[in-house]
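User: Please take me through this structure with a few questions, giving the cut-offs behind each term as we go.

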Amino acid sequence: MIHELRIYNCMPGMLPALNDRFANITLKIFEKHGIRQAGFWTTAIGENNLRLYYLLEWDNLADRDTRWGAFQ
């Protein structure tokens, strides 16, 4: 099992829109391609409060290449 940490850096005021996009659009596309998410995080206080962190779960690197490639 492999876990991949991905980080989005948002422009000020855009994090709510990115969270909404993931909740209502991206996760459905992930599901279609069999991409498993292990968690999502934001920072409430501090200088990194414009970031969305999320963790994806893969069986192995070949699984990641196949599924992420189909997603793109």
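User: Leaving aside its neighbours within four places in sequence, which residues is Asp 63 in contact with?

Analyst: This is a predicted model, in which local features need pLDDT of at least 70 and side-chain atom pairs count only at pLDDT 80 or more, while totals for chains, interfaces and linings use all residues. Residues are numbered from 1 along each chain as its sequence is written, and side-chain values use heavy atoms, with hydrogens and water left out. Contact means heavy atoms within 4.5 Å, and on that basis the partners of Asp 63 are Arg 36 and Trp 58.

User: Is Asp 63 buried or exposed?

Analyst: Buried means under 20% relative accessible area, exposed over 50%, and partly exposed in between, using a 1.4 Å probe and protein chains only. Asp 63 has a relative accessible area of 10%, so this residue is buried.

User: How are the rings of Phe 30 and Trp 68 arranged as a pair?

Analyst: Rings of Phe, Tyr and Trp (its six-membered ring) pair if their centres lie within 6.5 Å, and planes under 30 degrees apart count as stacked, over 60 as edge-to-face and the rest as tilted. The whole structure holds 11 aromatic pairs. For Phe 30 and Trp 68 the centres are 6.2 Å apart and the planes lie at 55 degrees, so the pair is tilted.

User: Which helices does this pair link?

Analyst: Helices are DSSP runs of H or I with at least four residues, strands are runs of E with at least two, and both are numbered from the N terminus. Phe 30 and Trp 68 are both buried. They lie 38 residues apart, in distant parts of the chain, and the helices concerned are H1 and H2.
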